[in-house]
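Hello,

Here is the structure I promised to pass on. Please open it next to this email, and my notes follow below.

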Amino acid sequence: MMTISDPSQGYIFLATGHRKYFEMAISAAMSAKWMDPDKKVCLIHDGVGANASSLPDYASDIFDDLVVFEPEDGFVGVMNKMLIYDLCPYDEAFFVDGDCFVMKKDMDRHWAKFGRHDFTFAGEPVSNGSWYGFDIAKACTDAQVPYLVRGNTGVFFFRKSDTARTVFDTAKTFVREKPAILGVTHQNRAGQYSDEPFLGAAMGATGVTPVSYTAAEGSIMVTTLYARFCKGDLESEISQLKKPSSGLPTDRFWALKYVTHSPSIMHFIGLKPRKLFDKLSRQARARYGVPDYDFFA
């Protein structure tokens, strides 16, 4: 593990393509600035040339760093997460998806927990079962890894180090050489894979382990997928939702029991619930004097 004295720390956001994704990253970044003001925020983006109109003029007022990247063949949408290692201007960083909001001023405890690793995200190592519709045991055998880390990469941590570079490089190699094994279409978007199986397999290949949380201690991030009773307010740091602890994965998800979570970061899958997502975006934008944006037009 590479040791960095007095490291720079920051949050990394990614935006490509349509203006909507840039505006999402801006709202997310403002929540990070609000809840963790000592950390920097960076936008890695492709908003130049033909996509110049995607980058709002006020982006430079929000982000400490704006980094332009050149897309690579085979890396579309969320897959560009695997390209950010060399683009990141900080020694230590949390990558945060644009459909997230940092909800609480308690991120220091997560920096401390994740900081014991060179690369990690919250999840579990698995070597059997099903994930994204594929057989995990077969995928491990075919990819020649002892396990995959199953989790959501809406938030992950990395430190500039040989280990982290190897994880990113291994994930990119899997994309290029093993798409038939680990490639799953992301949210029904043609030509775009989900990044999680590739990063999860790269962690298994390099012996990197995930972090874990109990509901009682408060996770760094919980998604709104299958959630009920979502409540959130940036002014008062309210962050609460109920998630199924078990269920029957039939054609509909029938929850048998719900657990209450109070995460530091709320991840709005599909920007749902829309009313709450819109409320939080408006709160963040009002605080920093940024115009509202209609994400649902």
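Three strands form an open sheet in the order 5-16-12, with mixed pairing. Keep in mind that this is a predicted model. The edges of the sheet are strand 5 (100–102) and strand 12 (221–223), and each of them pairs on one side only. On average, neighbouring strands here are turned by 15° against each other, direction ignored.

Now the pairing of strand 12. Its partner is strand 16, residues 265–267. The two run in the parallel sense and share 3 bridges. Within strand 16, Ile265 is the residue opposite Met221.

Next, a lysine to look at. Lys243 sits in strand 14, which covers residues 238–249. Lys243 is buried, yet no salt bridge is found for it. Glu196 is the nearest side chain of opposite charge, and it is 11 Å away. A salt bridge would need a nitrogen-to-oxygen distance within 4 Å.

So what does the side chain of Lys243 meet instead? Its side chain makes a polar contact of 3.0 Å with the side chain of Thr223. A polar atom of the Lys243 side chain also lies 2.5 Å from the backbone oxygen of Leu225.

Leaving aside neighbours within four places in sequence, its contacts include Val222, Thr223, Thr224, Leu225 and Ala227. Lys257, Tyr258, Val259 and His261 are also in contact with Lys243.

Best wishes

Conventions:
Residues numbered from 1 in each chain as written. Predicted model: local features only at pLDDT ≥ 70, side-chain atom pairs only at ≥ 80, totals over all residues. Heavy atoms only, no water. Pairing = 2+ DSSP bridges. Helix = DSSP H or I, 4+ residues; strand = E, 2+ residues; numbered from the N terminus. Axes fitted to C-alpha atoms, helices over the stretch in contact; angles between N-to-C directions. Buried < 20%, exposed > 50% of the residue type's maximum accessible area, 1.4 Å probe, protein only. Lys, Arg positive; Asp, Glu negative; His and termini not counted. Polar contact = N/O pair within 3.5 Å; in protein donor to acceptor, adjacent residues only side chain to side chain. Contact = heavy atoms within 4.5 Å.
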